[in-house]
Amino acid sequence: MSSNKRRNPSGTQMELLAPAGTVEVFEVAVEQGADAVYIGAPALNARAQAKQFTPQEIAAMVAHGHKSGVKVYAAMNSLMKDEEIPQAIETLALFESLKIDAIIVQDLGIYYLATKYFPTLKIHASTLMAAHNSISVRQFARMGFSRVVLARELNLQEISRIGQTTSVPLEVFVHGAMCFSYSGLCLFSSYLGGKSGLRGWCVQPCRRRYTWDKSGKPAGYLFSMNDLNAIDLLPQLAKAGVVSIKIEGRMRSAQYVSSVVKAYRIMLDAPEGDTAAKEEAGRLLHNSMSRKMASGYFSGPQPEDILSPEHSGNIGHFIGKVEKSSGEKATIALKNGLNVGDRVRLHFEKTGERKAFTVKKMYSGQQAVNNASEGETVLIELPVQAAPGDSLYLVDTKERRALEGKQKSILPGRFDEKIKALNHRHKGEIIWAKVKRQMKLRDADKQRKSGPVKSRRSKTLDAGRVPWWLKIDNLMQLRQHLPDKPARLIVMLTGETFSQFKRMEKMLRSYGRTVVWSLPPLIDEADIEFFAQAINELISMGFKTWQIGHLGQLQFFNPYKSKVSVFGDYTLNALNFFSLASLSEFGLRGCQLSIETDKKNLEGILKKRLPLDVGLTIYGRPPLSMARTFAGFFQFNQAFRSPLREKFVLEKSFGKTVVLAEKPFSLLPVLSEIYSMGLGYGVIDISNMAFRKGALTALVGKIGNPSAMREKLSTFNYFGKLY
């Protein structure tokens, strides 16, 4: 392996970090020059649909990697439900025993367990923790993360600024798939049926084709991101202070990983300006069968080439569109060469569904052929029926697939005895026993005798009704009469609401100490100064209760620790007991649970003696995705529909592009049931909503009156299952 690696200004090596979804891919990544490889933790990683590694396979990869001088990281970056805590503990014990080099996490519960019970494990902050500015990185450094994976929406200038203000090592994605939404803030897939992207089950609604609702005209693949390719930006990234460059692709083939890792290894080892190396790297990347590639957000917040609305976002080379179809046969004019034995993917334009298959028979006229060139028209046999206009993509060639059957040198079977000899299961059982004592159940008998559980810190209303908080993003909404005042009034702090406050201070002060100023989940680096000054001014005026949308925002309140009370929004993604325990240790007084939770998980959490006040969004229209780009073809404030006729709207909010469901979701009809579980407070969030005169008054009047809830609205995942 070459030692001529590009160095950043501090003199440390810039690590080339490769993905591996199988043992074979791991071996290929090492062979092609990766300095480190990341794999998925069994059942607790954000690629739940990938093959899950066995302990023997993990042991074999760690041994092979360390023998080759390559580090091995485990992506344990899924949000964890309460019922998964025992599995997480056993997995952490396994990683500690195998001396894995680091774990990559997003869940604060896994962070808590790792730091409390497995202190020798190094922890990296996943990109799903949305480290998008310098204060978030400083917070993660303070929490003991040994590395932070930055959000993919940052440009080079912002990365450089972060590098100058923190000493924690920084990692960035440089190649592979891009998400439309900021990672860690996408609810789109979960909202459509419980398949949470934060738990690795994303059904990729951003790759679907949409139509505008009023005209019925195709809007296109509105959110289909091009793949990231930053191979020409390595010197700039090194100069910005990046110590690790990461390739996305734990679901990709061995040949893809081989080509991409080799390309980046060539460029890292070559002298700057080496044209021969650049040409070779370019050839390798072209042959990797990726999507259309672009440099992402590195050049600035509004890159023109980040989306391709005319393409579905399928991986591979575009072969062509079905011109005619008859039964399970299709006629296609080839845009690229094709061979019998190649692996292709058929994209159904009407539904957005896909079908991968191997080409078994192909005809030119009446004659069967084994290969055809670009420009030829051929008839291909399909495993399913296609329609004219459906697209075909080449995802792997016959020759490349033949290479995947080669003999492996990593043999997991040799590690059976080592796994049996490890003491990780016994240690896991001991720690689980300690953990269970910490997660004490509430006294159910006392609860039944005393009636509904009362929040320790929230104003309690009539029996059978949860204390409700009202969240607004426009002070003008307060001009509507409320028949019942909320226990807390949450006001989203933005430039607009801060300006409104100057004019409407008297009205807001009429709510007294119930006012909670709330911070949005995303604050661009350029806006930090505004928020710091506004927070300082509001605290000096007596506003002492705050809600944070991102953990990094605790940095704003360091000078005021003894003066303020801080709550957490649902965007902190607290989904289990230990994420709440972690937030309690950070000084939070309360927090809303993840908005994605289902009833079973909610009930399991609320049975326990919780370390802080727990809330839940019970009504609202949350952003299903939040993106930095304002593409020129976006039509804001216009409804659009999915292939399944689901209706959404594009709007600008928080200074970002957000996707909203047409209507809010509501748990108001089941408030008594949720309250009886022990919920501390419920939040009615009317952000991103406009109410006609009297409509907000009517909504508040329905709280605690299920019979008044006539409109059937989504209940998100409450009655379903969060996958």
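A disulfide is a pair of cysteine sulfur atoms within 2.5 Å. By that criterion, a search of the whole structure, which is a predicted model, finds zero disulfides. The structure does hold 30 aromatic pairs, and two charged side chains placed over tyrosine rings are described below.

**Cysteines**
- C202 takes part in no disulfide, and the nearest cysteine sulfur, that of C206, is 5.8 Å away.
- C202 counts as partly exposed, at 34% relative accessibility.
- C591 is likewise in no disulfide; its nearest cysteine sulfur belongs to C186 and is 20 Å away.
- C591 is buried, with a relative accessible area of 0%.

**Aromatic pairs**
- One of the 30 aromatic pairs is formed by Y191 and F716, with an edge-to-face arrangement, 5.1 Å centre to centre and 70 degrees between the planes.
- Y191 lies in helix α7 (residues 188-191) and F716 in the segment after α20 (695-701), so this pair ties together parts that are 525 residues apart in sequence.
- Y191 is buried at a relative accessible area of 15%, and F716 also counts as buried, at 10% relative accessibility.

**Aromatic cluster**
- One aromatic cluster includes F180, F188, Y210, W212 and F223.
- Also in that cluster are F630, F633, F634, F636, F640 and F648.

**Charges over rings**
- K246 lies over the face of Y38, 4.5 Å from the ring centre.
- R252 has its charged end over the ring of Y256, at 4.3 Å from the centre of that ring.

Definitions and conventions
Residues numbered from 1 in each chain as written. Predicted model: local features only at pLDDT ≥ 70, side-chain atom pairs only at ≥ 80, totals over all residues. Heavy atoms only, no water. Phe/Tyr/Trp six-rings, centres within 6.5 Å; stacked < 30°, edge-to-face > 60°. Helix = DSSP H or I, 4+ residues; strand = E, 2+ residues; numbered from the N terminus. Buried < 20%, exposed > 50% of the residue type's maximum accessible area, 1.4 Å probe, protein only. Lys NZ or Arg CZ within 6 Å of the ring centre and 35° of its normal.
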